Amino acid sequence: SEPRFKSAESAARRLEWMKEALEEFKLRADVRPGSAAERPKLHRDKGKDDKGKRSKSQPRRQLSARILAMRRARSEPRAVRELSRALDERERDTRWAKEMLERARNRLEDGELLGARMGLDEAK
């Protein structure tokens, strides 16, 4: 029987994990964490040797249905969202102008020529 840590992880597995962590640290020792220079080093060799493997200390995250739905909702291209917003804004402006024209028409029918003209100018 080999020595084990409190979390029932074997000493050999922990030693292997530490060696890999030290190698990764040596690869990234010349760059600042979180910088643009670190990004290529993070993704360079990821997945070549350990494809499909996951260490015991990193369990797979289960995503909730709400998170998955949010990801699907955000999956539409940014250009589509921007166009949709622009169309909504134009629709709102058009409805406002139509309302102003109806008010101007009512004022004209009531004989308020100056009020009707001001309403038309505002609707433009």
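Which backbone oxygen lies 2.7 Å from a polar atom of the side chain of Ser 35? The backbone oxygen of Arg 32 does, and that pair is a polar contact, a term for two N or O atoms within 3.5 Å where, within protein, one must be able to donate a hydrogen and the other to accept it, and where residues adjacent in sequence count only if both atoms are side-chain atoms. Ser 35 sits in the loop between α1 (11-27) and α2 (38-43). With a relative accessible area of 12%, Ser 35 is buried; buried means under 20% relative accessible area, exposed means over 50%, and partly exposed is in between, with a 1.4 Å probe and protein chains only.

Colleagues, some words on the basis of this talk. The model is predicted, so local features need pLDDT of at least 70 and side-chain atom pairs count only at pLDDT 80 or more, while totals for chains, interfaces and linings use all residues. Residues are numbered from 1 along each chain as its sequence is written, and side-chain values use heavy atoms, with hydrogens and water left out.

I turn to confidence. pLDDT is the predictor's confidence in each residue, on a scale from 0 to 100. The chain has a mean pLDDT of 77, and 74% of its residues reach 70 or more. Helix α3 (residues 65-73) has the lowest confidence, at a mean of 72, whereas helix α4 (residues 78-109) has the highest, at 88. Where pLDDT is low, the predicted coordinates should not be read in detail.

Next, the overall fold. The chain has five helices and zero strands, and its pattern along the sequence is α-α-α-α-α. Helices (H or I, at least four residues) and strands (E, at least two) are DSSP runs, numbered from the N terminus. Of the 124 residues in the chain, 10% are buried. Among contacts with a separation of 6 or more, those between residues 24 or more positions apart account for 13%; contact here means heavy atoms within 4.5 Å.

Let us consider helix α4. How far apart are the end C-alpha atoms of α4? They are 47 Å apart, which agrees with the 46 Å that its 32 residues should span at 1.5 Å a residue; the expected span is 1.5 Å times one less than the number of residues. Ala 97, Met 100 and Ala 104 are buried in this helix, and what covers the buried residues of α4 includes α5. Just after α4, Gly 111 takes a positive phi of about 90°.

Helix α5 (residues 113-123) follows. Its residues Gly 115, Ala 116, Gly 119 and Ala 123 are buried. Seen down the axis of α5, these buried residues fall within an arc of 100°, so they line one face of the helix; the arc is that of the directions from the helix axis to the C-beta atoms. Leu 113, Leu 114, Arg 117 and Met 118 are exposed on the other side of α5. The cover over the buried residues of α5 includes α4.

Now the charged pairs. How many salt bridges does the structure hold? It holds three, a salt bridge being a side-chain nitrogen of Lys or Arg within 4 Å of a carboxyl oxygen of Asp or Glu. Glu 91 forms one with Arg 95, their closest N and O atoms being 2.7 Å apart. Both residues lie in helix α4, four residues apart, about one turn of the helix. Glu 91 is partly exposed at 38%, whereas Arg 95 is exposed at 56%. Glu 99 and Arg 103 form another, at 2.8 Å from N to O, and they too lie in α4, four residues apart. Glu 99 is partly exposed at 38%, and Arg 103 is partly exposed at 44%. An α-helix has 3.6 residues a turn, so residues three or four places apart point the same way.

The remaining salt bridge joins the side chains of Arg 28 and Glu 24, at 2.6 Å from N to O. Arg 28 is partly exposed, at 24% relative accessible area, and Glu 24 is partly exposed at 40%.

Which residues does Lys 41 contact, leaving aside its neighbours within four places in sequence? They are Leu 27, Arg 28, Asp 30 and Val 31. Lys 41 is partly exposed, with a relative accessible area of 24%.
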